[in-house]
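Good morning, colleagues. Please take a moment with the sequence and the model before I go through the main features.

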Amino acid sequence: GINAEYGEIQSKGHDKLLRFMENCPKYEESEITARGKEEENKLKHSQKYKDVILEPLTKTLGFPPTVDEAEGLNYLCQFENISPSEMGPSKFCEMIPTEAKQLFDYQGDLSRYYKSGYPNKLGYELSCVILQDLLLQLSRDNHEATTLRFAHSETVYPLTALLGLQRDDDVFYTWDKEDYANRINKLSELDPFAANIAFVLFQSGRTGDKVVKVY
């Protein structure tokens with residue numbers, strides 16, 4: 001069975017392990033963090049956004065939607081497909097062309113990407129406290145069989161950047177990026193709803209060598 005030890009739940013600003021971003025004023029005031037929102041706003045007011053999203057939806061809906069209404073339709077599509085085990089046909093998703101879905105996906109990534117992804121070195125290096133804790137756990141001879149940490153996306157995503165996962169050669173994404181659909185770092189794939197990162201320690205029974213695999 002599983003023996004669970006229940007620790008004290010830390011309030012906002014006191015959990016220095018899993019809520020590291022709330023304990024660094026320099027991070028909260030970072031100019032690079034604001035750039036993602038600026039790029040997103042430029043995209044929403046661009047001709048590309050009109051051509052790829054607003055005009056096709058106008059033909060489908062029979063009236064010209066506002067940016068907020070188009071985003072709302074995309075949110076309805078997303079919420080109908082939150083659970084991979086229960087995904088099915090969605091009338092909302094059927095209204096949105098494939099290219100528009102790709103641009104919506106890119107738009108949604110921009111602010112989070114600049115906040116704690118590769119452009120923001122401070123943003124993802126703050127997650128080193130989690131990696132340090134992990135290495136400490138794995139280095140103990142008498143460590144627990146399983147250690148679980150529960151947090152949100154703003155904790156998980158920086159850790160993926162710290163580990164160097166899915167990094168593009170050019171880490172600065174812009175609103176007018178031509179090949180946005182082919183970018184390597186896609187939060188919808190790397191950090192979807194209820195994402196998990198697992199570190200599993202294996203030890204050879206013959207040589208005693210240890211290997212850590214990331215899932």
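In what order do the elements of the protein run from the N terminus on? The order is α-α-α-α-α-α-α-α-α-α-β-β. That gives ten helices and two strands, where helices (H or I, at least four residues) and strands (E, at least two) are DSSP runs numbered from the N terminus.

Two remarks on the basis of what follows. This is a predicted model, in which local features need pLDDT of at least 70 and side-chain atom pairs count only at pLDDT 80 or more, while totals for chains, interfaces and linings use all residues. Residues are numbered from 1 along each chain as its sequence is written, and side-chain values use heavy atoms, with hydrogens and water left out.

I begin with the overall dimensions. Taken along the principal axes, the C-alpha atoms fill a box of roughly 65 × 40 × 35 Å. The protein has 215 residues, and 33% of them count as buried; buried means under 20% relative accessible area, exposed over 50%, and partly exposed in between, with a 1.4 Å probe and protein chains only. The accessible surface comes to about 14,100 Å², and carbon and sulfur atoms hold 52% of it; these areas come from the Shrake-Rupley method with a 1.4 Å probe, and for residues only the protein chains shown count as cover.

Next, contacts and charges. Among contacts (heavy atoms within 4.5 Å) with a separation of 6 or more, 65% are between residues 24 or more positions apart. The protein carries 25 positive and 35 negative charges, and their mean positions are 2 Å apart. Here Lys and Arg count as positive and Asp and Glu as negative, without His and the chain ends; each charge is placed at NZ of Lys, CZ of Arg, CG of Asp or CD of Glu.

I now turn to the cysteines. How many disulfides does the structure hold? There is one, a disulfide being a pair of cysteine sulfur atoms within 2.5 Å. The partners are Cys77 and Cys93, with an S to S distance of 2.0 Å. The torsion about their S-S bond is about 100°, so the disulfide is right-handed. Because Cys77 lies in helix α4 (residues 67-79) and Cys93 in helix α5 (residues 91-94), the pair ties together parts that are 16 residues apart in sequence. Both Cys77 and Cys93 are buried. Cys24, by contrast, is in no disulfide, and the nearest cysteine sulfur, that of Cys128, is 11 Å away. Cys128 is likewise in no disulfide. Is Cys24 buried or exposed? With a relative accessibility of 14%, Cys24 counts as buried, whereas Cys128, at 31%, is partly exposed.

Helix α4 also holds Asn74. Asn74 counts as buried because its relative accessibility is 8%. Beyond its neighbours within four places in sequence, Asn74 is in contact with Ile96 and Phe104.

Lys210 is partly exposed, at 46% relative accessible area. Which residues does Lys210 touch, not counting those up to four places away in sequence? They are Asp141, Leu201, Phe202 and Gln203. Lys210 also lies 10.0 Å from Leu138, C-alpha to C-alpha, although the two are 72 residues apart in sequence.

Finally, a backbone detail. Gln166 is placed in the loop between α9 (153-162) and α10 (187-190). Its phi is near 50°, a positive value in a residue other than glycine. Gln166 counts as partly exposed, with 32% relative accessibility.
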